[in-house]
There are 4 protein chains.
Amino acid sequence: MPPTGAQVKETTFRVRYAETDLMGIVHHASYVIYLEEARVDFTRQIGAPYLDLEAEGYSLAVSELHIRYKAPARFDQQIIVRTWLEEVQSRAVTFSYEVVEPQTQTLLATAQARLICVDRSGSVRRIPETWLNIMKPLEVTS
Amino acid sequence: MPPTGAQVKETTFRVRYAETDLMGIVHHASYVIYLEEARVDFTRQIGAPYLDLEAEGYSLAVSELHIRYKAPARFDQQIIVRTWLEEVQSRAVTFSYEVVEPQTQTLLATAQARLICVDRSGSVRRIPETWLNIMKPLEVTS
Amino acid sequence: MPPTGAQVKETTFRVRYAETDLMGIVHHASYVIYLEEARVDFTRQIGAPYLDLEAEGYSLAVSELHIRYKAPARFDQQIIVRTWLEEVQSRAVTFSYEVVEPQTQTLLATAQARLICVDRSGSVRRIPETWLNIMKPLEVTS
Amino acid sequence: MPPTGAQVKETTFRVRYAETDLMGIVHHASYVIYLEEARVDFTRQIGAPYLDLEAEGYSLAVSELHIRYKAPARFDQQIIVRTWLEEVQSRAVTFSYEVVEPQTQTLLATAQARLICVDRSGSVRRIPETWLNIMKPLEVTS
């Protein structure tokens, strides 16, 4: 569960057929795409769109990813990803996630992703102030 | 079947689990990746590696793709893609493919892909002479 | 353009980061997933959800796919896929598509996909009447 | 580095174009596919092919995945994944991985994946003895 006080944004979408595998359920790699989709949507919802960061010459490159799979997801079902900022540093940011089935609120997965700010050449850089100013206050501080 | 006289190169690999879907077979989008893998390997085999073309500032962008699916492929089986050059023009090139199961030689799919040469800005450009000189003589001429 | 009288359904979504490639644009295989997404959404919109067909033991397996790429799509942009039924036969159905950028209405791609009805064992089967009755009247009849 | 005494198997392949993203490097989700490819190949190399496990009605479902990304990988480069068994339990198995660039031996990523044995219905099951007997002695025991 998101910690008290965390500003949680929700992203909802449906499972695509191509995201399933022969086990009949969503392939575990598809969740990595879901988390990315939720992260990009999170930045849009807080008013600091990831697209603008890229336009300024920066990228957030995933440096660490940790997913715990709890229950299978299936074709065509709706998925909610709840996203919040676990930690914001000058050069890195950590997102936490809950992946949930909306009808029954079944927890499908939990995850954390740490991303570092890099420029076009791949060098680690300070996250631009505009983004830090928007993201810092959203960080979990408990 | 490749036309008489076509210089056919073969690329062999195994089906990955993630490339299957809940129908229990390889998802039809995975073949697009297989064709690309075979195309890149073809350019390596003829001594005009696609990577070098990219290094010179050019890309071959797919402008048309036509796939006919004949029989399903399954997890972990080997796949052979037979690739040849159907047509070479100054700004575009058309590859033809046969996707085959090696043990029984079952035809899994046939395909054609037309690619146009573009530069970094996306403008259509003439394919560099080095590539044309290597690819032109390999074109199907019947 | 969809022919006069065609019942066209629209599906809208955003390009995911993972769907791009090092050319900086959407990879051509991603469109295959977009067409599938649109096709599944089409069946939902006409009241004959593909999920229900699967639940009854049938699948629609892609037997032929033809895509013409017209203009590149980019990360985070919105995509509209317009989908209509080109031909409905007792064992096969052909969808036509236009992929469009909504702001400028730029045509990104056109496509056709032919699907055949199969059962769990992969044998070709007649499309269940319920689906035929809903899809037949939507077919392009010009 | 794999711990002393670990039985490490290597799997080598090339980066596919579709596995890159607009950052110009391999997308982080592609590593999940690489780990799966290496895992399946590992089981083949030790003589307990994953395909046979599926044929007996079992699957190994990923329950936890942890990846640390160290350096970017690029289109067409060769990738080596070194795989070993960290822990073997009656119903679960943990693989460890190193992803390496072969020329310079640059470490691209390290990872762990825990998988649980399930049957067709998704219920947790004991790993069949044949597999346990082959895998148990390969487990890291330091």
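Author: Happy to; here is the interface of chain A and chain D.

This is a predicted model, in which local features need pLDDT of at least 70 and side-chain atom pairs count only at pLDDT 80 or more, while totals for chains, interfaces and linings use all residues. Residues are numbered from 1 along each chain as its sequence is written, chains are lettered from A and ligands numbered from 1 in the order in which they are written, and side-chain values use heavy atoms, with hydrogens and water left out.

Chain A puts 22 residues in contact with 22 residues of chain D (contact means heavy atoms within 4.5 Å). Together the two chains bury about 1800 Å², 60% of it on carbon and sulfur atoms; buried area is the accessible area (1.4 Å probe) that two parts lose on being put together, summed over both.

Nine residue pairs, both at pLDDT 80 or more, are in polar contact across this interface (a pair of N or O atoms within 3.5 Å; within protein, one must be able to donate a hydrogen and the other to accept it, and residues adjacent in sequence count only if both atoms are side-chain atoms). On the chain A side, α1 (30-45), α2 (50-55) and β2 (58-69) each supply at least two residues. Helices (H or I, at least four residues) and strands (E, at least two) are DSSP runs, numbered from the N terminus. The most comes from β2(A), with eleven residues. By class, that side has twelve nonpolar, five polar and five charged residues; Ala, Val, Leu, Ile, Met, Phe, Trp, Tyr, Cys and Pro count as nonpolar, Asp, Glu, Lys and Arg as charged, and the others, Gly among them, as polar.

Now for the strands: β2(A) and β2 (residues 58-69) of chain D run antiparallel, joined by five bridges (strands pair if DSSP finds at least two bridges between them). A:Arg68 has D:Glu64 as its bridge partner in β2(D). These two residues also form a salt bridge, with the closest N and O atoms 3.9 Å apart (a side-chain nitrogen of Lys or Arg within 4 Å of a carboxyl oxygen of Asp or Glu).
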